[in-house]
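Take a look at the structure below.

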Amino acid sequence: MAEENGRRESGAESPDAESPDAESPDAETPAASDVPPRVTVHEPHGIPAGDWLAAFQHASRELFGDQWEPQLARFLAFLRRRVTGDYTVDEYGFDAEITEKFFMAALRPIAQKWFRIEVRGADNIPSEGGALVVSNHSGTVPVDGLMTMVSIHDATGRYLRPLGADLVFRLPLVGSVARKGGATLACGEDAERMLRGGELVGVWPEGFKGIGKPYSDRYKLQRFGRGGFVSAAMRTGVPIIPLSLVGAEEIYPLVGNIPSLARLLGVPYIPITPFFPLLGPLGLIPLPSKWLLEFGEPIRTDEYEDGAADDPMLVFNVTDQVRETIQHTLYSLLMQRTSVFG
């Protein structure tokens, strides 16, 4: 008894004694499922999605201006039409939408910034109806045809429909692209159908003899063939527009040829220029010469009688008139030019 009192007086507590920190048996103990799980928040690595979106919007404004959203919408609509097949091509394979949005857009900076093309006499091209544009041909590689197409379109709003050699349409991919851009085979039947249909048709009568002539013969017109283009114009009664082009002769100065390799590959020639094949692919970059395009006054063909196109002598005379007009204008432009690259 005395021992028990001594423990009470000393303040010692038995193990069974209750304390303020001890839980009573009747107290509610929360279940493990009621305790909220501990959540660990990790900071995202890399660039947040919001920053990506802001950067895209800024880049779009810099590239397309403040109207980038409608331009993007138009581009997506264009893709939808191409995927679903909701577009049209004519009987020759010409795709106006592809030509306008891609071909012309790709060629325009080259024409304006690299060759700095100056167009004269564009008002001689009729605003509507069939007409035949006849041009000299030069440059080793037929870049002059492409530059003529974009120059006419920008000056008049019309599409030039080139007549191409059969080699163009035998090449993989090139033939398909050429047809989508408006070209067709250089034959009398197609030329007459286009002209009767009101198209602006382009022809380069020198052919490969023109673009493949040596640099020493630059701006000297080669033979114009049999005058088939004149017959097509006379049969349809459309005007002939002479075009003289200065500048293309200097983009790839042709100083040599490899005829044996050309025959092996089935091409008219394998050019040797001061930079090709010496510099490899870099040698294919054209020199930035200054170009002048001058369209002459139309030569009318609607005044001839029916059957005039079957008169070889008359066709020869008109062909010679077109050739002499182009040659005379070439000499005049060369005299006006102060520098090849100026």
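## A bent helix

Helix H4 bends by about 40° at Met104. The bend is the angle between axes fitted to the seven residues ending there and the seven starting there. Helices (H or I, at least four residues) and strands (E, at least two) are DSSP runs, numbered from the N terminus. H4 covers residues 96–114 and reaches 25 Å from its first C-alpha to its last. That is close to the 27 Å expected, taken as 1.5 Å times one less than the number of residues.

Met104 is also buried, as are Glu97, Ile98, Thr99, Leu107 and Ala111. Buried means under 20% relative accessible area (1.4 Å probe, protein chains only). At the start of H4, a side-chain oxygen of Asp95 comes to within 3.2 Å of the backbone nitrogen of Glu97. After H4 comes Arg116, with a positive phi near 50°.

## The model and its numbering

The model is predicted: local features need pLDDT of at least 70, side-chain atom pairs count only at pLDDT 80 or more, and totals for chains, interfaces and linings use all residues. Residues are numbered from 1 along each chain as its sequence is written, and side-chain values use heavy atoms, without hydrogens and water.

## The sheet

The protein has 12 helices and 9 strands. An open, mixed sheet holds 7 strands in the order E1-E9-E6-E2-E5-E3-E4. E1 (118–120) and E4 (184–185) are at the edges with a single partner strand each, so one side of each has no neighbour in the sheet.

Strands pair if DSSP finds at least two bridges between them. E2 (residues 131–135) and E5 (residues 200–203) run parallel, joined by 4 bridges. Ala131 has Leu200 in E5 as its bridge partner.

Technical notes. Buried < 20%, exposed > 50% of the residue type's maximum accessible area, 1.4 Å probe, protein only. Polar contact = N/O pair within 3.5 Å; in protein donor to acceptor, adjacent residues only side chain to side chain.
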